[in-house]
Each structure stands twice: as C-alpha cells, then as structure tokens.
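Student: I have a chain to go through before the group meeting. Can we take it question by question?

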Amino acid sequence: MSNLATHPRRVLITGCSSGIGRRAAERLAERGHHVVASLRNPADLANWPHPHIPAVHLDLDDTASIHAGLAAAVEAAGGPIEALFNNGAYGQPGAVEDLSRDTLRAQLETNLLGTVELTNQVIPSMRAAGFGRIVQNSSVLGVSALAFRGAYVASKFALEGISDTLRLELAGSGIDVALIEPGPITSRFRANAQRAFEANIDWQHSVHHEAYERQLERLKTPGPAAPFTLPPEAVVRRVIHAIESRRPKARYPVTVPTYLFAVLKRLLTTRAMDRVLMRASGGGKR
C-alpha cells in the first residue's frame with residue numbers, strides 16, 4: 001500500500017443504504033478519507049446512522065438528481081471528488097423472453113446509464129487535478145452469464161466494456177479506472193432482487209414458471225444461498241487498494257466463483273462452459 005493511505009481523498013460512494021456501500025463508507029472514513037455517502041431512498045437517507053459521514057440523496061435514474069447529488073457531495077466533501085466508487089445497482093431476475101422493454105430499460109438506467117452519467121460529471125475536475133480514481137462495482141455476472149439473469153448480465157457486461165474503454169481514453173490523465181468483480185456477497189441484494197422479480201415478471205404464466213419457483217425459493221432463503229458467500233468486507237478491501245495504491249489493478253476478482261469462471265472461460269469450449277453455467281444457474285451470484 002502506498003502513502004496515499006495517509007493522504008486523505010474526497011470520496012463519493014453510491015448505493016450506501018446497506019451492504020457493500022455502507023461498509024465501504026465506514027472503512028474509508030476510518031482510514032481518514034473525506035467520504036460522502038449517497039442514497040437513493042429518502043427514508044434510508046433520513047435514517048443514515050453515521051453523523052460523522054455526510055450523506056446526500058442521489059438517484060441514478062434521474063439526471064437532475066445526479067447533478068444535485070454531486071453538487072451536494074462536493075460541498076459536503078469540501079472540494080471536488082477525487083475518488084468515485086460506483087456501487088449503486090440492483091438485480092432484475094427473469095428470463096430474457098419475459099423481460100419487457102421497460103423492465104430492461106430500468107435495469108440499464110440504474111446499473112449503467114446513471115453510473116456513466118455520474119462518472120462523466122466527475123472526470124473534468126479529476127483531469128484538472130491530474131489525479132482521480134473511478135472504481136466500478138461489477139460482478140461475477142460481468143465475467144460470465146447465468147440463465148434467468150439476462151438484464152443484470154447485460155448491465156454488468158456493458159459496465160465492464162465501457163470501463164475498459166474509459167481506462168484507455170483516460171491513459172496519461174492521472175485518472176485510473178478499476179473494476180471490482182464480486183461473486184456472492186452478504187447483502188440486501190437478494191431481497192431487492194425478489195421485489196424486482198415479483199413486480200416486473202409475470203412468472204406464473206411463463207413457460208419458465210417451474211424454474212421461477214426454484215428461483216423464488218432461493219431468493220427467500222435466509223442467510224447465504226450460494227457457496228463461497230463472503231461478507232462486504234471482502235469487496236471493501238479491494239476498493240481500498242483501488243483508491244489508495246499508486247498502481248491500482250484494472251480488475252479485482254473477489255470470490256471463488258469469479259476466479260473460477262474467468263479461468264474456465266479461457267480453458268473450456270463454449271459448449272463445455274455452457275454446461276458449467278447451466279448447473280451454476282441454480283444458485284445466485286452477486
């Protein structure tokens with residue numbers, strides 16, 4: 001770790017209502033950084049438990065909210081944002097053939113389009129300073145696809161691709177782009193995915209209704225529902241390195257499934273990999 005650990009940075013984190021985002025805000029603040037947490041739900045903002053960590057409202061689906069939230073974050077941080085952790089996202093389960101255009105658009109608005117818009121807003125001040133860190137929370141599903149996660153997979157594959165492009169475009173600017181690639185992590189992700197599924201998928205009338213029943217059982221299972229589930233701290237350790245290291249990595253795999261799928265994709269034929277992924281599709285990955 002470099003001496004950036006002793007050089008406090010102004011950090012904005014999205015999606016801090018629970019899990020990874022909240023723990024990242026806590027740990028980075030403990031390390032002396034000037035952290036601003038952003039939350040989408042006004043109720044979560046009203047109940048933010050850390051008075052020493054400023055929190056602002058920011059809805060990635062709303063351009064006006066992105067601009068207002070960033071302005072509030074800059075004011076709270078005491079200057080331009082130097083590190084952005086794009087953590088805000090949700091998962092929309094459902095077979096591709098059961099996704100309406102509006103449902104798919106909503107997934108992309110939050111997980112991709114809003115994230116890119118917010119990122120673009122912080123780049124000019126980072127360029128002017130000659131330093132910046134853009135840390136994207138991707139997924140094992142940005143590495144490999146699983147059945148019944150098409151909307152989320154599309155958003156994370158796109159995030160991986162646009163982040164790789166951005167890294168090339170920012171070369172020499174002093175701004176680094178890093179992708180965090182979690183697998184199953186303990187959080188409210190499954191509960192939020194269940195709500196999105198029940199709200200947007202007419203699963204009882206789908207040809208996939210039997211598979212959906214198994215998916216709902218998994219989503220409703222208390223505690224970890226997938227092997228190799230890790231706590232949010234496992235992700236946060238990579239975020240800390242991406243922000244504080246002099247030479248952050250382009251990618252940070254986090255859990256066994258992420259490492260495993262990346263290796264298998266290089267070793268197996270597509271048909272063989274499909275068999276692996278079909279078996280894995282019975283369990284959830286973050």
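Student: How far apart are the closest N and O atoms in the salt bridge of Asp44 with Arg188?

Tutor: This is a predicted model, so the value is computed from predicted atoms. A salt bridge needs a Lys or Arg side-chain nitrogen within 4 Å of an Asp or Glu carboxyl oxygen. Asp44 and Arg188 meet that rule, with their closest N and O atoms at 3.8 Å.

Student: How many residues apart are Asp44 and Arg188?

Tutor: Asp44 sits in helix 2, residues 42-46. Arg188 is in the loop between strand 6 and helix 6 (189-200). The pair therefore links distant parts of the chain, and the two residues are apart by 144.

Student: How many salt bridges does the rule count?

Tutor: Side chains of opposite charge can pair when their charged atoms come close. Under the 4 Å rule, the count is 17.

Student: In what order do the strands of the open sheet run?

Tutor: The sheet is open, has 7 strands and pairs them in parallel. Strand 3 (55-57) and strand 7 (251-253) each have a single partner strand, so they stand at the edges. From one strand to the next the twist averages 20°. The order is 3-2-1-4-5-6-7.

Student: At what angle does helix 4 run to strand 4?

Tutor: Helix 4 (residues 101-129) lies across strand 1 (10-13), strand 4 (83-86), strand 5 (132-137) and strand 6 (175-181). Helix 8 packs on the sheet too, with a direction at about 160° to strand 5. For helix 4 and strand 4, the angle is about 170°.

Student: Which residues form the nonpolar surface patch with Phe228?

Tutor: Phe228 lies in the loop between helix 7 (209-220) and helix 8 (232-244). The patch has about 280 Å² of accessible area in total.

Student: What is the phi of Phe148?

Tutor: Most residues other than glycine have a negative phi. Phe148, in the loop between strand 5 and helix 5 (150-169), has a positive one, near 70°.

Student: What radius of gyration does the chain have?

Tutor: A compact globule of 286 residues would come near 19 Å. The C-alpha trace spans about 55 × 45 × 30 Å along its principal axes. The chain agrees with the globule value, at 19 Å.

Key. Residues numbered from 1 in each chain as written. Predicted model: local features only at pLDDT ≥ 70, side-chain atom pairs only at ≥ 80, totals over all residues. Heavy atoms only, no water. Patch = residues over 30% accessible without salt bridge, like charges linked within 9 Å, V, L, I, M, F, W, Y side chains within 5 Å. Areas by Shrake-Rupley, 256 points an atom, 1.4 Å probe, with all protein chains shown as cover. Helix = DSSP H or I, 4+ residues; strand = E, 2+ residues; numbered from the N terminus. Pairing = 2+ DSSP bridges. Axes fitted to C-alpha atoms, helices over the stretch in contact; angles between N-to-C directions. Contact = heavy atoms within 4.5 Å. Rg over C-alpha atoms; globule rule 2.2 N^0.38 Å.
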